[in-house]
Amino acid sequence: MARFNDLGGKTAKSRVAVVAAGVISPLGAGLEDTLASLRANKDCVSPVTRFDVDKCRCKTAGQISDETLRNGRQRSRKTDRLHRATRMMMAVFEELFGQDPEFKPEKTVIGTTSGGMSFGQDYYRALRRHQGLRHSPGWIANYPPQKPVIDAQNAFKISTPCQIIANACASGTNAIGHAFECVRSGKYQRVLTGGYDAISELVFVGFDSLQASTPEKCRPFDRDRTGMVLGEGAAAFALENLESARARGAQILAEIIGYGISTDNHHLTQPDPSGSGPRRAMGQALRSANRSTEDVDYINAHGTATTFNDAAEGKAIKELFGDVPISSTKSMIGHSLGAAGAIEAAVCLLALRAQLLPPNINFRNSDQDLDLNVVANESREAKIDIVLSNSFGFGGTNASVLIQKLAE
Amino acid sequence: MNLRIAGMGLITPLGRGVDPVWERLLHGDEACGQPITDAISEKVYAGFRVPDDALKDLPSHPRLRRASAISRFASAAGLDALAEARSTIGEIDAERMALVFAVSNGGVVYTKRFYHNVVESGAQSASPLLFPETVFNAPASHLAAILGITGASYTLVGDGAVGVLAMKMASDLLDNGELESCLVVGAEESDWLLCDAYHRWRLLKNQPPVEPFHDPPRGMILSEGAGAVLLARQGAVEIDAIDAGGNFSQRREANEIVRRILHDLADEHACVVASANGTFVDLAERDAIKHELPSASVYSAKPALGESVGASALWQVIAGAQALRTKRLPQMLHPPRDAGLNFPAPDEISCAKAIILSCGLNQQAAGLRLSI
């Protein structure tokens, strides 16, 4: 078993606390609903209703209802005109700032893949029809990926600069990781971070065209896995210098202790089968935290349920960690792309808080080639102090964050 | 902060290469508007395009075989920046180099083509070859593969200010002692769909010239290309301050934030390389400069090169660095007589610093200061 705490890991400058969080996903709106769904092993994937999928192989996704998005502060005539992604960001900021109204970020780092893509589609379809274009200025203005974040910030009277990371499906974890490094370096005291993505026809059809998505159930790490389903949602985290957070008496949900990023140049959409990209990202996260593989109690895997991803990630996990328990939240809610890493980090926070191993549902048969310790179908209690969350994306981006339960 | 520009690369509608394009800017050249059409409509827009011969010596690489124009522009600029850096600071370790890629509209040509097929013929006709190229980080992925970057690679999305935000991110990344250098690239490709979108947003004019700082604004012309700078510990030009700025919710609020950025960066020995492009941005910058640095020499390359959005701030950084290196600033093209700003003749200037002001069209503004 590889050890990383004796490989010259960089000495941490500042410790980084998570002082507040917000999440919305098919698992529910808010941390408490999310935890309840994890405990109940809920399958949140349902037939797609937002656009026509008759000609697609895959016809299901993890979706958030419009009714859920109309609750809370995001309910107004003005916000009804905003993109669904904006309302998702507003929902998670509402939960986050409800927990810690005193949190004043110096910068914001958010991950996404497609921004307000459905507004771009509306605009293009209106152009083709030569009608309905009177709405186009609104679609165009609300399409860019920074817009949902800036609008959500405005709703909470925040005007800090936004860095919007679009590293495909690793975006959310990259955003959290970069925010973590900013606070750890000592240059920043407080950074707001997370990720979002709203499901859109273009992206759905794109994954379908690649035959990456499945007409069946999403079964990560299963011998008979056939692919992913898409999802949507958002999550946000308030990261703060631990000393600063303690000094002002802030609640501390967890501590982020390590981050790794690597680029795999094998192919634009397929990982190197050797698992070298994930292995480097996970190894770097451990090194940066000065931790060894034995310290990790649970891995929230990227686990898309595609043949190639799970094989490469599974190989890397097995080689580095042996039999550590793993699961993929995507089995429950689908793959929410730029939001995935952020939602899964929220799941990791809940796992640490509730001392719970989240489930990998729809699991039937172990893949003998991978031989992994999958948390099959049902969540279960366990002593968990440190968790690792993985996200990998198109373009060969691999990202891992290491999160620790803070001692009482 | 000891953050320096070790190499630069540039591809624009006025050609490729930092020095050749700079000479043309000093000469007062401006790009020619070319008709941009699409079968979807009879409307014709004018745009500034990168000439075909600017990419003729781009090395062949499997990743570029099907890549879109934006990836080719980025590769050209990135390779040129590294080539210049090698000649000044020596060999560069790709494993200790990060990549930060700034983009606004991304691979719009392939995205449009992909979705067009879906709309016209149904989901079953969607192309699995085109879809991966629609992802914002596809150009960065291609460039990383060409350069052999295996560590950190980030694609940042935003408006015209995204290039400055990318410089800020590079600065933060280089605080990590494990990295030696960071390649910052901004790139964009133009398309009829973008022209139509900006037109409907009342920001585009039908034909050149781009007339900066006019009140009321007369509109911009879209362009394309890429700029790249390799940031390292050595190099003639130093980045001595970066202000990541903030966001404005209404256009009229842009004035306040641009003024605050310029106030933070102001230096009596500095010239200002503005982002003025013929839109509301110009008035925000004009007011800020009049208030904070009224005697500063002011230049914007956008009348000559157009508005390249994701690439634009990198072009400004390169223009600022060239102004410091050559002690010359090109003459502002098509300014109003009554702007109340100092547009010097293209003679020698005495600035030791250059302020890059970047106000985007969609709520972001930021700036940085270079020194030599």
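Mentor: Two strands pair if DSSP finds at least two bridges between them. Strands (E, at least two residues) and helices (H or I, at least four) are DSSP runs, numbered from the N terminus. This is a predicted model: local features need pLDDT of at least 70, side-chain atom pairs count only at pLDDT 80 or more, and totals for chains, interfaces and linings use all residues. Residues are numbered from 1 along each chain as its sequence is written, while chains are lettered from A and ligands numbered from 1 in the order in which they are written.

Trainee: In which sense do strand S6 of chain A and S6(B) pair?

Mentor: Antiparallel, over two bridges; S6 of chain A spans residues 162–165. There, A:Ile165 stands opposite B:Leu156 in S6(B).

Trainee: How many residues of chain B are in contact with chain A?

Mentor: Contact requires C-beta atoms, placed from the backbone, within 7 Å. By that rule, 52 residues of chain B contact 52 residues of chain A. Elements of chain B supplying at least two residues each include helix H3 (108–121), strand S6 (153–157) and strand S13 (364–371).

Trainee: And how do I read two packed helices?

Mentor: Two packed helices are described by the angle between their axes and the distance between the axes. Axes are lines fitted to C-alpha atoms over the stretch in contact, and angles run from 0 to 180 degrees between N-to-C directions. In chain A, the axes of H1 (residues 31–39) and H14 (residues 340–354) come within 10 Å and cross at roughly 75 degrees. H1(A) and H14(A) are therefore roughly perpendicular (65 to 115 degrees). Among the contact residues are A:Leu35 of H1(A) and A:Leu350 of H14(A).

Conventions: Two residues are in contact if their C-beta atoms, placed from the backbone, lie within 7 Å. Angles under 35 degrees count as roughly parallel, over 145 as roughly antiparallel, 65 to 115 as roughly perpendicular and the rest as oblique.
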